[in-house]
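Please study the sequence and the structure shown below, and then work through the exercises in order.

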Amino acid sequence: MTQDKPVVLIMAGGKGERFWPRSRVSTPKQLQKVYSKNTLLKETLNRAYTITSPDRVFIGTNATLKKAILAQERSFPENNFIIEPEGKNTAPIIALASLYFKEKFGDPVQVVLSADAWVNSEKEFAKSIQKALKETDGHLVLLGIKPNRPEVGYGYIASGKPTKHGFEVKSFFEKPDVKTAIKYIKKPNFYWNPGIFLWKTSLILEEFENHSPEILKPLKNRFPFKKMGDLGEAFKLLPSEPVDIAIMEKSARIRMVEASFSWDDVGSWLSLERVLPGDKQGNRHIGKEILFYKSGNNVTQTRKEFTALLGVQDIVVVEEEDVLFIASKEGIGDIKNMVAEIRKNKGLQKYTE
């Protein structure tokens, strides 16, 4: 295995609609402060800097978000972006980044992260990555998270025989229903799939050739792209696929390493119940002064100097300068449909942009 530091690719192109109204098209959730004083992207960058040098950290996103990111992260190198002309899930941008890393660095080991996760310990994160790096000789590696609840929003991994630093992978499972998730967490070899991947650049390109040539060939045939228009034409030819389906579920060269840190994908407002401390009544709040009077199990983010809640249970309140959003926890699963409805109204579209 190469002794060079890994190259980190941070995927930061998502819309984050389940975090509306904090998350908008121009400033999605990865550019927002959700659970700390840092944006989700900044938290991820800090994590990346524990395992490699800043010059080897790259962000995968679109041209519009690149400008927004540079406005926030002024010291981030302007050339360390992998730009996708349109969002086509994770496999196409990983293939594109791999071609670029091969040209720039030779055959580095890559670590692929999403920009919008919560991790409880940078120290444990770095330890887990260092352990997983030891499995990358001849294998595509992913981390596995020991589940602590029957989560229906994540994919699962079933580990097989132990290896020197991890496990073989028996199979992958898509997001389950509640009944199935309860079965999964009772099995000692089942893990959440957090989408944290490690692989040698040469190996992931080889596996794209073997299992998803329809993604790699249109990019490889025209690489390097001198004009964004040329890349746009190539991207039009590509299917929209996650790397899990395009490569991981097809490859016979997979290893999993158990992570020693806690993780959450911070996918919606309700995820804040898992990553923020609550009061005795189970309320979670980010913002200025608040009083929860005879109120419990609420999630609030407000901007007013003082907010008071009286006699309410199980609601979500999010206040922005131009939008006040109030939802029941039971109904918040429909937020993406609601945002789509707002977009249809020309007078209201601006509140999603």
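The exercises that follow concern a predicted model, and each is given with a worked solution.

**Exercise 1. Determine the strand order of the open sheet of ten strands, and state which strands stand at its edges.**

Solution. Begin with the order across the sheet, which reads β3-β2-β1-β4-β10-β6-β11-β8-β7-β9, with mixed pairing. Next, consider the two ends of that order: β3 (81–83) and β9 (190–192) each have a single partner strand, so one side of each is left without a neighbour in the sheet. These two strands therefore stand at the edges. Finally, from one strand to the next the twist averages 35°.

**Exercise 2. Describe how β1 and β4 pair, and identify the helix that packs on the sheet there.**

Solution. Strand β1 comprises residues 7–11 and strand β4 residues 109–114; the two pair in the parallel sense, over five bridges. Within this pairing, L9 has V112 in β4 as its bridge partner. The helix is α1 (residues 40–48), which touches β1, β4 and also β2 (57–61). The direction of α1 makes about 165° with that of β1.

**Exercise 3. Decide whether K5 is buried, partly exposed or exposed, and list what K5 touches.**

Solution. First locate the residue: K5 lies in the segment before β1. Leaving out residues up to four places away in sequence, K5 touches T52, S53 and R56. As for distance, the C-alpha atoms of K5 and P218 are separated by 30 Å, the two residues being 213 apart along the chain.

**Exercise 4. Decide whether E320 is buried or exposed, and describe the surroundings of E320.**

Solution. First locate the residue: E320 is placed in the loop between β17 (315–319) and β18 (324–328). Its relative accessible area is 11%, and because buried means under 20%, E320 is buried. The contacts of E320, apart from neighbours within four places in sequence, are P21, R22, R24 and R303. For one of these, R22, there is also a polar contact of 2.4 Å between its side chain and that of E320.

**Exercise 5. State which residues the annotation "domain: Nucleotidyl transferase" covers, and describe that span.**

Solution. According to the UniProt record, an unreviewed entry, the annotation covers residues 8–276. In the model, this span is 35% helix and 20% strand. The C-alpha atoms at the ends of residues 8–276 lie 27 Å apart.

Definitions and conventions:
Residues numbered from 1 in each chain as written. Predicted model: local features only at pLDDT ≥ 70, side-chain atom pairs only at ≥ 80, totals over all residues. Heavy atoms only, no water. Pairing = 2+ DSSP bridges. Helix = DSSP H or I, 4+ residues; strand = E, 2+ residues; numbered from the N terminus. Axes fitted to C-alpha atoms, helices over the stretch in contact; angles between N-to-C directions. Contact = heavy atoms within 4.5 Å. Buried < 20%, exposed > 50% of the residue type's maximum accessible area, 1.4 Å probe, protein only. Polar contact = N/O pair within 3.5 Å; in protein donor to acceptor, adjacent residues only side chain to side chain. UniProt positions renumbered as here; feature names shortened; annotations may be inferred.
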